[in-house]
Structures are given as structure tokens and as C-alpha cells.
Amino acid sequence: MKKNMGGADRTIRVILALGVGALYYFNVITGTLAYVLLAFAAIFVLTSFVGFCPLYTLFGINSCKVKD
């Protein structure tokens, strides 16, 4: 897997995941919506740590800076 996510993109995903986790922790979101958002948050964290997003490959997106 070749990295296709830049630093800003990865940081934004982690911040969004932490936000969803905080909303769940403080019972702002509950039920099915909470579980769906937590699943997305987990995917965001996983792809951020790996630096690779499969959907970016499908759409031809690459936010990672090219090293010369």
C-alpha cells in the first residue's frame, strides 16, 4: 500500500474521530446513530495511522506530498 494521505488530512480525521468519541462519552449521541458514527470514527483513526485510504484510490485522490 502506497501512502495517499497527507499530514493535514490525517490530523483532521483524528480530530473528527476524537470529537465523535467525546459526543458518545457525554451521551450527546445515542442509539444506532452513535454506533454508525463510532464505526466511521474507528475507520478514520485506522486510515490515519496507516496513511492509506482505499476510497482515495478509487477516486484518484492523493493528498500526500510527493517526495523528490
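Student: What makes Asn27 exposed or buried in this predicted model?

Tutor: The relative accessible area of Asn27 is 58%. Exposed means over 50%, so Asn27 is exposed. Asn27 is found in the loop between H1 and H2.

Student: What is the phi of Asn27?

Tutor: Asn27 has a positive phi of about 60°, although it is not a glycine. Most residues other than glycine have a negative phi.

Student: Why are H1 and H2 called roughly antiparallel to each other?

Tutor: The axes of helix H1, residues 7–25, and helix H2, residues 31–50, cross at roughly 150°. Angles over 145 degrees count as roughly antiparallel, and therefore H1 and H2 are given that name. Two packed helices are described by the angle between their axes and the distance between the axes. For the distance, the axes of H1 and H2 come within 8 Å.

Student: Which hand does the crossing of H1 and H2 have?

Tutor: H1 passes H2 in a left-handed crossing.

Student: Which residues of H1 and H2 meet?

Tutor: From H1 they are Arg10, Arg13, Val14, Leu16, Ala17, Val20, Gly21 and Tyr24. From H2 they are Ala34, Tyr35, Leu37, Leu38, Ala41, Phe44, Val45, Thr47, Ser48 and Phe49. By class, this contact of H1 with H2 has 13 nonpolar, three polar and two charged residues.

Student: How do you know whether Arg13 is buried or exposed?

Tutor: Buried means under 20% relative accessible area. Arg13 has 10% relative accessibility, so Arg13 counts as buried. Arg13 lies in helix H1. Setting aside residues up to four places away in sequence, Arg13 touches Met5, Phe44, Thr47, Ser48, Cys53 and Tyr56.

Student: What about Thr47, buried or exposed?

Tutor: Thr47 has a relative accessible area of 7%, and the cut-off for buried is under 20%. Thr47 is therefore buried. Thr47 lies in helix H2. With residues up to four places away in sequence not counted, Thr47 touches Met5, Arg13, Phe52 and Pro54.

Student: And what makes Ser48 buried or exposed?

Tutor: Ser48 comes out at 2% relative accessibility, so by the cut-off of under 20% Ser48 counts as buried. Ser48 is found in helix H2. Apart from neighbours within four places in sequence, Ser48 is in contact with Met5, Arg10, Arg13 and Val14.

Student: How far apart are the C-alpha atoms of Ser48 and Gly6?

Tutor: They are separated by 9.2 Å, while the two residues are 42 residues apart along the chain.

Student: How do you know whether Ala41 is buried or exposed?

Tutor: Ala41 has 7% relative accessibility; since buried means under 20%, Ala41 counts as buried. The place of Ala41 is in helix H2, and Ala41 touches Ala17 and Val20, not counting residues up to four places away in sequence. The C-alpha atoms of Ala41 and Asn27 are separated by 16 Å, with the residues 14 apart along the chain.

Student: Which residues does the UniProt annotation "transmembrane region" cover?

Tutor: In the unreviewed UniProt entry, that annotation covers residues 12–29 and 35–59. Such annotations may be inferred rather than shown by experiment.

Student: What does the model have over residues 12–29 and residues 35–59?

Tutor: Residues 12–29 are 78% helix and 0% strand, and the end C-alpha atoms lie 20 Å apart. Over residues 35–59 the chain is 88% helix and 0% strand, with the end C-alpha atoms 27 Å apart.

Notes
Residues numbered from 1 in each chain as written. Predicted model: local features only at pLDDT ≥ 70, side-chain atom pairs only at ≥ 80, totals over all residues. Heavy atoms only, no water. Axes fitted to C-alpha atoms, helices over the stretch in contact; angles between N-to-C directions. Helix = DSSP H or I, 4+ residues; strand = E, 2+ residues; numbered from the N terminus. Parallel < 35°, antiparallel > 145°, perpendicular 65-115°, else oblique. Left-handed = near helix turned anticlockwise from the far one by under 90°. Contact = heavy atoms within 4.5 Å. Nonpolar A, V, L, I, M, F, W, Y, C, P; charged D, E, K, R; others polar. Buried < 20%, exposed > 50% of the residue type's maximum accessible area, 1.4 Å probe, protein only.
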